[in-house]
Amino acid sequence: MTTLFISDLHLSAERTDITDCFLTFMKEETTGIDALYVLGDLFEMWIGDDDDSPFHQQIKSAFRQLTDSGVPCYFIHGNRDFLVGKRFSRETGVQLLPEHSVIDLYGTPTLILHGDTLCTLDEEYQRYRKKVHNRFIQWLFFRLPLSYRQKIGNKMRSNSSMTNQEKAQDVMDVTPDEVEKIMAQYQVTTMIHGHTHRPAIHHLNVGSLPASRTVLGDWYDHGSVLVCTPDGCQLETRDFTLSS
């Protein structure tokens with residue numbers, strides 16, 4: 001009985017080492033598990049389900065093989081792939097979840113999310129997030145040719161990288177008060193998220209109750225997986241395969 005959680009892979013055709021690690025993980029570690037949860041930023045950039053590049057087809061095929069084998073897979077949007085839509089879901093069998101979802105993790109109600117909504121001190125990002133999640137703006141974006149959307153996506157990715165370099169680290173981390181507020185709102189004492197790229201298991205209090213917040217790691221330097229069983233959860237890493 002095992003459930004796996006991953007996030008912040010930032011898959012792209014340029015980072016074949018990350019892709020190879022992910023495909024190996026999908027092939028060797030997901031057979032017969034109870035479920036796989038992807039908590040956002042699976043892709044470095046996603047500009048629409050109509051981008052049928054060979055790279056995207058390769059990734060979608062890996063998910064299709066998993067779900068066809070009977071293993072349920074769930075996806076929560078991240079800040080880099082919030083445009084993943086119903087076509088992706090149909091083609092892969094992956095089920096799309098709301099941005100805040102409570103699951104039963106071996107008897108423990110657990111709130112799962114990408115994590116960017118917790119970073120309330122980053123007011124600039126929160127304004128940007130509100131804008132790009134506007135349905136009308138997304139409708140207009142999808143009416144653009146794919147090549148235009150690729151240029152816009154590349155520009156936004158470049159701007160984001162430069163902006164983040166100028167921000168204080170605590171601004172880009174979660175706000176403790178927001179964590180406690182959201183956990184109290186959903187009446188849980190266990191939370192799992194990604195986004196901050198700071199893997200750790202934090203212990204806190206929600207009201208008078210002890211609670212835990214697990215942060216998933218990114219895949220820039222090695223794979224990162226949260227392995228959960230009825231006995232508990234453990235953060236683990238996966239080495240990249242060295243090319244000969």
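Predicted model: local features only at pLDDT ≥ 70, side-chain atom pairs only at ≥ 80, totals over all residues.

The pocket is lined by 29 residues, and His77, Phe82, Val84, Arg135 and Gln138 are the closest to its centre. Which helix gives the most to that lining? That's α5, which runs over residues 135–142 and puts in 4 residues. As for the kinds of residue you'd meet along the lining, there are 10 nonpolar, 10 polar and 9 charged ones.

Now for a buried charged residue, Asp116. You'll find Asp116 in the loop that sits between β6 (108–113) and α4 (123–132). Is Asp116 buried or exposed? Its relative accessibility is 3%, so Asp116 counts as buried, the cut-off for that being under 20%. What does its side chain pair up with? There's a polar contact, at 2.8 Å, with the side chain of Arg129. Arg129 also turns up among the contacts of Asp116 beyond four places in sequence, along with Asn79, Tyr125, Gln126 and His195.

His56 is another one to look at, and its place is in helix α2. With a relative accessible area of 7%, His56 is buried too. A polar atom of the His56 side chain lies 3.2 Å from the backbone oxygen of Asp51. If you skip the neighbours within four places in sequence, His56 is in contact with Phe43, Met45, Trp46 and, again, Asp51.

Next, the nonpolar cores. The largest of them has 35 residues, and Phe22, Leu36 and Phe63 have the most contacts inside it. Several elements give two or more residues to this core: the helices α1 (16–29) and α2 (54–68), plus the strands β1 (3–6), β2 (35–38), β3 (73–75) and β10 (223–229). So what does Phe63 touch, once residues up to four places away in sequence are left out? Its partners are Phe22, Met26, Leu36, Val38, Leu42, Cys73, Phe88, Thr92 and Val94. Apart from this core there's another, made of 14 residues, and Leu39, Leu97, Leu105 and Ile112 are among them.

Definitions and conventions:
Residues numbered from 1 in each chain as written. Heavy atoms only, no water. Core = buried A, V, L, I, M, F, W, Y, C linked by side-chain atoms within 4.5 Å. Buried < 20%, exposed > 50% of the residue type's maximum accessible area, 1.4 Å probe, protein only. Contact = heavy atoms within 4.5 Å. 1 Å grid on protein atoms, 1.4 Å probe; cavity = no way out; pocket = protein on both sides within 12 Å on 5 of 7 lines; lining within 4 Å. Nonpolar A, V, L, I, M, F, W, Y, C, P; charged D, E, K, R; others polar. Polar contact = N/O pair within 3.5 Å; in protein donor to acceptor, adjacent residues only side chain to side chain.
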